[in-house]
Amino acid sequence: NAGVTQTPKFRVLKTGQSMTLLCAQDMNHEYMYWYRQDPGMGLRLIHYSVGEGTTAKGEVPDGYNVSRLKKQNFLLGLESAAPSQTSVYFCASGLTGSTYNEQFFGPGTRLTVL
Amino acid sequence: KNQVEQSPQSLIILEGKNCTLQCNYTVSPFSNLRWYKQDTGRGPVSLTIMTFSENTKSNGRYTATLDADTKQSSLHITASQLSDSASYICVVSERSNYQLIWGAGTKLIIKP
């Protein structure tokens, strides 16, 4: 099992460019999440999905869009990148949203917006 | 406002020594508290998860404690090893929507 994988690992964008981050999981999890991690701060939830074809906003959704067309994939899109979106992005997956909602994380994507 | 605060921000100890990391939270209603280990350049990995009724939980050399009355938790690492160098993050789950509130982490460096 590969667990949770993310592509790409690194990316540099210019302001205004667009890109899509891909997350894939092979654990048959229903729940998937996108977080961003900035220095000195805790992880912040961008968007999440409770199943194929569903998405919902998290704490910091502005400037991002997501899609969950297949259960195993969760895509994060930046339509017009801004320097404030420079961050490390983590994808996670989990079985349910109940008490012991264990989340399994990917290795992260380091994004720099110039 | 739901918050999770960790101390210290960073800690340097010698290999073989013990250490204790602290976590205070104001999350309500409380569901559970987790400790994650995050190696540099990697995603967080779960160490322990504790619910309201659990006071202590161990995972090898890692022992987490929870005092739900004072809203405090600690993570004790025994006989530290070089591989323990990482950030340790305290995360509290809110019971109403299972939202996770993340602390900023404690960066632990183990020196030989």
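## Interface and fold of chains A and B

Between them, chain B and chain A bury about 1,400 Å², and 53% of this area lies on carbon and sulfur atoms. The model is predicted, and the values given here are computed from it.

**The interface**

The contact between the two chains involves 20 residues of chain B and 17 residues of chain A. Across the interface of chain B and chain A, the rule finds two residue pairs in polar contact, both at pLDDT 80 or more. On the side of chain B that touches chain A, strand S4 (30-38), strand S5 (45-51) and strand S10 (100-102) of chain B each contribute at least two residues. S4(B) gives the most to this side, namely five residues. By residue class, the side of chain B that touches chain A is made up of eight nonpolar, eight polar and four charged residues.

**The fold of chain A**

Chain A has zero helices and 11 strands. Read from the N terminus, its elements follow the order β-β-β-β-β-β-β-β-β-β-β. Along the principal axes, the C-alpha atoms of chain A fill a box of roughly 40 × 30 × 25 Å. For 114 residues, a compact globule would have a radius of gyration near 13 Å; the value for chain A is 13 Å and therefore agrees with that expectation. Of the 114 residues in chain A, 46% are buried. Among the contacts in chain A with a separation of 6 or more, 55% are between residues 24 or more positions apart.

**A buried aspartate in chain A**

A:Asp38 lies in the loop between strand S4 (31-37) and strand S5 (44-49) of chain A. The relative accessible area of A:Asp38 is 11%; because this is under 20%, the residue counts as buried. Leaving aside residues up to four places away in sequence, A:Asp38 touches A:Arg44, A:Thr86 and A:Ser87. The side chain of A:Asp38 makes polar contacts with the side chains of A:Arg44 and A:Ser87. The distances are set out below.

| Side chain | Partner side chain | Polar contact distance |
|---|---|---|
| A:Asp38 | A:Arg44 | 2.7 Å |
| A:Asp38 | A:Ser87 | 2.8 Å |

How values were computed: Residues numbered from 1 in each chain as written. Chains lettered and ligands numbered in written order. Predicted model: local features only at pLDDT ≥ 70, side-chain atom pairs only at ≥ 80, totals over all residues. Heavy atoms only, no water. Contact = heavy atoms within 4.5 Å. Buried area = accessible area lost by both parts, 1.4 Å probe. Polar contact = N/O pair within 3.5 Å; in protein donor to acceptor, adjacent residues only side chain to side chain. Helix = DSSP H or I, 4+ residues; strand = E, 2+ residues; numbered from the N terminus. Nonpolar A, V, L, I, M, F, W, Y, C, P; charged D, E, K, R; others polar. Buried < 20%, exposed > 50% of the residue type's maximum accessible area, 1.4 Å probe, protein only. Rg over C-alpha atoms; globule rule 2.2 N^0.38 Å.
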